[in-house]
Amino acid sequence: TIYFIDGQFTERDGLKISIDDRGYYFGDGVYEVIKVYGGKLYTAKEHINRLFQSASKIKIAIPYEETQFMEIANELISTNKILDGHIYIQVTRGSSPRTHHFPQPAVTPVVSAYAVSNPRPVAAIENGVSVKTVEDVRWLRCDIKSLNLLGNVLAKQEAHEAGCTEALLHRNGLVMEGSSSNMFGVKNGKVYTHPVTNLILNGITRQVVLALCKDLGISVDEKPFTLDEAFEMDEFFLTSTTSEITPITSIDGSKVGSGQPGPLTVKLQKAFALQIPSFIMG
Ligand code: PMP
């Protein structure tokens, strides 16, 4: 497998990473995951754009242009012969002896990337998954796609130990998002999801789904809803780059609607499939 680090493509075995990388010490960096369908990048511009935004919010100046990331990603896809999978890109503030404040003089950010084969989670997408409600104890800058994922990791683990696929995070009684996904409810034909604030990551898939709702004439309310309301939804689904649109059929063991993927969710899944040129549904 060929990896990209510090401006070079190298075999995994030859990879050298500094013990002083601030990614290790502080999770001081940002990342992105870009989906690959049929050997082609999907919504790559949007992801790379968000990488720059996340970096800028934590005052990291990425020493690359958008087009260079495109080239790196495409090179990783071709050398590693990836058909269906994803690209992981990470940028840390750089490598410097451990002090909390930024290194002075500034060091060059460490950019790394790799490609991995990863088939679509077809069973989950078709049959739906269960979620566990978990209190959101993360910090107040969830809009940044930061390497600091302890809150997300602990929430996912709690869900996993309960036999669930994802955690449904709630703060002050309101549904926020998943530990690695955005959350949507459907009630009386209307789609509800948390608005874009500092408390959630504005998912690229979330944005695709909202655009699809617009195209299909489905009304959307980007307004927080309560955990109590979540249990009353007719349908529920999550979105993410790798999970696409995954129906949620139970919350804390209680069925959502009929306990089957709902009709509006399925309609959105079909529309989602149609806008990926290389993609064959099911
Ligand atoms: N929220 C969080 C916390 C996430 O980690 C992710 C996955 N990146 C998402 C939402 C979904 O974002 P996207 O659709 O861009 O993958």
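**Entry 1: Thr43**

I started with Thr43, which counts as buried because its relative accessibility is 16%, and the cut-off for buried is under 20%. This is a predicted model, so I read local features with its pLDDT limits in mind. I placed Thr43 in the loop between strand S4 (40–41) and helix H2 (44–57). Then I checked its backbone: phi of Thr43 is near 45 degrees, a positive value in a residue other than glycine.

**Entry 2: Lys81**

I went on to Lys81, where phi is near 50 degrees, again a positive value in a residue other than glycine. Lys81 sits in the loop between helix H3 (66–79) and S5. Is Lys81 buried or exposed? I found it exposed, because its relative accessible area is 71% and exposed means over 50%.

**Entry 3: a cis peptide**

Next I looked up the bond between Gln104 and Pro105. The two are joined by a cis peptide bond, and I noted an omega of about 0 degrees. Pro105 belongs to the loop between strand S5 (85–92) and strand S6 (110–117).

**Entry 4: the whole chain**

I stepped back for the overall picture. Along the principal axes, I have the C-alpha trace spanning about 55 × 40 × 35 Å.

I also looked at burial and surface. Of the 282 residues, 50% count as buried. The accessible surface of the protein is about 13700 Å², and 53% of that belongs to carbon and sulfur atoms. For contacts with a separation of 6 or more, I noted that 70% come from residues 24 or more positions apart.

Charges came next. I have 27 positive and 31 negative side chains in the protein, with the centres of the two sets 2 Å apart.

**Entry 5: two domains**

How is the protein divided into domains? I have domain 1 at 2–117 and domain 2 at 122–274. The contact takes 23 residues from domain 1 and 17 residues from domain 2. Between the C-alpha centres of domain 1 and domain 2 I noted 27 Å.

**Entry 6: Ser181**

I then turned to Ser181, in the loop between strand S9 (174–178) and strand S10 (182–187). Ser181 is buried, because its relative accessible area is 6%, against a cut-off of under 20%. Which residues does Ser181 contact, leaving aside neighbours within four places in sequence? My list is Glu166, Leu238, Thr239 and Ser240. I also checked Ser181 against Thr246: they are 65 residues apart along the chain, and their C-alpha atoms are separated by 9.8 Å.

**Entry 7: Thr265**

Last stop, Thr265, which I found in helix H8 (residues 263–274). Thr265 counts as buried because its relative accessibility is 0%. Not counting residues up to four places away in sequence, Thr265 touches Glu235, Phe237, Ile245 and Pro247. I looked at Ile248 too: from Thr265 it is 17 residues away in sequence and 9.5 Å away in space, C-alpha to C-alpha.

Conventions: Residues numbered from 1 in each chain as written. Predicted model: local features only at pLDDT ≥ 70, side-chain atom pairs only at ≥ 80, totals over all residues. Heavy atoms only, no water. Buried < 20%, exposed > 50% of the residue type's maximum accessible area, 1.4 Å probe, protein only. Contact = heavy atoms within 4.5 Å. Areas by Shrake-Rupley, 256 points an atom, 1.4 Å probe, with all protein chains shown as cover. Lys, Arg positive; Asp, Glu negative; His and termini not counted. Charge placed at Lys NZ, Arg CZ, Asp CG, Glu CD. Domains from an automatic or database assignment. Helix = DSSP H or I, 4+ residues; strand = E, 2+ residues; numbered from the N terminus.
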